[in-house]
Structure formats: C-alpha cells, structure tokens
Amino acid sequence: MQIRPHHILCIGNYVGKGYSEEFTANMDGICERLKNGEPFILTKGKDDVCAACPFLKDGVCKTVEKTDRYDESVCTALGLKYGEKYVYDELERKAEERIYGSRGLSFICGDCEWHDLCDNVRKNK
Ligand code: SF4
C-alpha cells in the first residue's frame, strides 16, 4: 500500500466523512488494513487514498500546493522519509507526541476544509 504523509493525520481523524461515496468506501478499507497492522510505503504525490478521490485529475491533486505543503510539514514534524516502509500505529503514536500533543493540527493543515472536524475528533479522543 502507498500512503502520502499528511494522510496519516486524515486517517487518524477519519469518521466516515469524505468527498464522495467512492472516496469513503476506499478510505474505510484503507483504514481497516492500516489499523490491522499492514505496512505501507511513504509516497510522494498521489497515493491509495487519492486513487478514489474526485479531486485527482490526470494523476495530480487539484489542490496540490496545499497538499504538498501538508506532506512536507508532516515529514518534518515526524522525521519521515519518502520510500521508507512504515506501520500506521507507530506514526500515530509519533503524531500524538509531536503534533496533537504539542502544537495541535493547525500548523500542519489549518487551511484545510476538514480541519475543524478533525480538530474536534482529536479533542474528543
Ligand atoms: S484532495 Fe488531493 S491529496 Fe486529498 S485525497 Fe484528494 S487527490 Fe489526494
């Protein structure tokens, strides 16, 4: 499986909402596999989540400036490298320590349309 960095946060705060029915069905399956311990490769650009997203056009995210920026911020915050293999639980623990438990989500993706929902989900965990 291929996952881009900022989707570690999207997956950690996912509550069944998304851009389309196809998107959420795909996301449900990915979340289950990752939370059951399936490893993934950290990917630059489109990943398995993007594959069912209506905003992916010709293999590129329609909001690429934002989503690439989120990816870079997550890589820096968690000390991740593209092309490496990871397990979701390990990165969720790191995110808890270095993102949620310190500066919060806003410094990564404060301008995302889903930010407030994710922030509320996290505060209620
Ligand atoms: S909005 Fe962009 S980064 Fe997010 S899932 Fe869709 S294509 Fe991928």
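**Terms and their grounds**

Analyst: D58 lies in the loop between β3 (56–57) and β4 (60–61). Helices (H or I, at least four residues) and strands (E, at least two) are DSSP runs, numbered from the N terminus. The model is a predicted one, in which local features need pLDDT of at least 70 and side-chain atom pairs count only at pLDDT 80 or more, while totals for chains, interfaces and linings use all residues. Residues are numbered from 1 along each chain as its sequence is written.

User: Why does D58 count as exposed?

Analyst: A residue is buried if 20 or more other C-beta atoms lie within 10 Å of its own, exposed if 12 or fewer, and partly exposed in between, with C-beta atoms placed from the backbone. D58 has 5 C-beta neighbours inside 10 Å, and therefore counts as exposed. Its backbone also deserves mention: D58 is not a glycine, although its phi is positive, at about 50 degrees.

User: What makes I41 partly exposed?

Analyst: I41 has its place in strand β2. Because I41 has 14 C-beta neighbours inside 10 Å, it counts as partly exposed. Leaving out residues up to four places away in sequence, I41 touches Q2, G83 and K85; contact here requires that the C-beta atoms of two residues, placed from the backbone, lie within 7 Å.

User: Why is the protein described as being as compact as a globular protein of its length?

Analyst: The protein has six helices and five strands, and from the N terminus on they run β-α-α-β-β-β-α-β-α-α-α. The radius of gyration is 13 Å, close to the 14 Å that the globule rule gives for 125 residues, so the protein is as compact as a globular protein of that length. The radius is taken over C-alpha atoms, and the rule is 2.2 Å times the number of residues to the power 0.38. Along its principal axes, the C-alpha trace spans about 35 × 30 × 30 Å.

User: What makes up the largest nonpolar core?

Analyst: A nonpolar core is a set of buried Ala, Val, Leu, Ile, Met, Phe, Trp, Tyr and Cys residues joined through C-beta atoms within 7 Å. The largest such core has 22 residues, and I8, L9, L105 and I108 have the most contacts inside it. Two or more residues come from each of α1 (7–12), α2 (21–35), β2, α3 (64–78), α4 and α5 (106–109). Helix α4 gives the most to this core, with four residues.

User: Why do A95 and I99 count as buried?

Analyst: A95 has its place in helix α4 (residues 88–100). With 21 C-beta neighbours inside 10 Å, A95 therefore counts as buried. I99 is also in helix α4, and 23 other C-beta atoms within 10 Å make it buried. Apart from neighbours within four places in sequence, A95 is in contact with I8, L9, G12, L78 and Y100, whereas I99 touches A77, L105 and I108 under the corresponding exclusion.

User: How do you know that C109 is buried?

Analyst: C109 is found in helix α5. It has 22 other C-beta atoms within 10 Å, so it is buried. Not counting residues up to four places away in sequence, C109 touches H6, L9, Y70 and H115.
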